[in-house]
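The sequence and the structure are shown first.

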Amino acid sequence: MENKRFITVLGLILLLIIALPIINYVGGKKGREMVAKFDEAYGADKYTFIELARDKCSYCIKQAPIIEDLANNYGLEYLYIDTNAINNTQLNHILEKIKVDYDDFGTPTMAVIGKNEVQESIIGYKNENYLA
């Protein structure tokens, strides 16, 4: 009886060891896609207005339509990056490119990127008058 229990527990542990990397890879697909879109926008010949935000963040929800309107008014692309879908390594990659220190980061964070540079980064909710 003890041997069966030991073998069952050992089998479950091995299954977890095999399954967790697969789950992590599949679950991280959205984050990798977002980072790829960010990198593409960063290196593009035109500018993109990006917003790093969370779907449950009240200020992010309030900020999104303002950013979309400004992006349209200035002829910029708009890229929303869901910080819940990216891991810390991916977030740090983006923050480094937009020149925002991890300790200062909060949502929403906005930036104008393109031509392999960041034009401006803004942390926190800002009204349309501030951003215009």
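## Pairing of strand S1

Strand S1 (residues 48-53) and strand S2 (residues 77-82) run parallel and are joined by six bridges. Two strands are taken to pair if DSSP finds at least two bridges between them. Helices (H or I, at least four residues) and strands (E, at least two) are DSSP runs, numbered from the N terminus. Within S2, Asp82 is the bridge partner of Ala53.

## Basis of the description

This is a predicted model, in which local features need pLDDT of at least 70 and side-chain atom pairs count only at pLDDT 80 or more, while totals for chains, interfaces and linings use all residues. Residues are numbered from 1 along each chain as its sequence is written, and side-chain values use heavy atoms, with hydrogens and water left out.

## Overall composition

The protein chain has five helices and four strands, and from the N terminus on its elements follow the order α-α-β-α-β-α-β-β-α. Of its 132 residues, 35% count as buried. Buried means under 20% relative accessible area, exposed over 50%, and partly exposed in between (1.4 Å probe, protein chains only). Among contacts between residues at least 6 apart in sequence, 67% join residues at least 24 apart, a contact being heavy atoms within 4.5 Å.

## Burial of S1

Six of the six residues of S1 are buried. Thr48, Ile50 and Leu52 point one way from the strand, whereas Phe49, Glu51 and Ala53 point the other way, and all are buried.

Thr48, found in S1, counts as buried because its relative accessibility is 5%. Leaving aside residues up to four places away in sequence, Thr48 touches Ala41, Glu77, Tyr78, Leu79, Ala111, Val112 and Ile113.

## Helix H4 and its cover

Which residues of helix H4 (residues 88-97) are buried? They are Gln90, Leu91, Ile94 and Leu95. These residues lie on the same side of H4 because they cover an arc of only 135° around the axis; the arc is that of the directions from the helix axis to the C-beta atoms. An α-helix has 3.6 residues a turn, so residues three or four places apart point the same way.

The cover over the buried residues of H4 includes helix H2 (29-43), S1 and S2. On the face turned away from the buried side, H4 carries the exposed residues Thr89 and Glu96. Arg32 lies in H2 and counts as partly exposed because its relative accessibility is 32%. The C-alpha atoms of Arg32 and Ile86 are separated by 7.3 Å, although the two residues are 54 apart along the chain.

## Aromatic rings and charges

Rings of Phe, Tyr and Trp (its six-membered ring) pair if their centres lie within 6.5 Å; planes under 30 degrees apart count as stacked, over 60 as edge-to-face and the rest as tilted. By this rule there are two aromatic pairs. One of them joins Tyr59 and Tyr125 and is tilted, at 5.9 Å centre to centre and with 40° between the planes. This pair links distant parts of the chain, 66 residues apart: Tyr59 belongs to helix H3 (residues 58-73), and Tyr125 to the loop between strand S4 (117-123) and helix H5 (128-131). Tyr59 is partly exposed, with a relative accessible area of 48%, and Tyr125 is partly exposed at 25%.

Lys62 lies over the face of Tyr125, at 4.9 Å from the ring centre. The charged end of Lys126 sits over the ring of Tyr130, 5.4 Å from its centre. A charge sits over a ring if NZ of Lys or CZ of Arg is within 6 Å of the ring centre and within 35 degrees of the ring normal.

## Backbone features in the loops

The loop between H4 and S3 contains Pro108, which is joined to Thr107 by a cis peptide bond with omega about 0°. Lys99 lies in the loop between H4 and S3; its phi is near 60°, a positive value in a residue other than glycine. Lys99 is exposed, with a relative accessible area of 66%.

Asn116 is placed in the loop between S3 and S4 and has a positive phi near 60°. At 54% relative accessibility, Asn116 counts as exposed.
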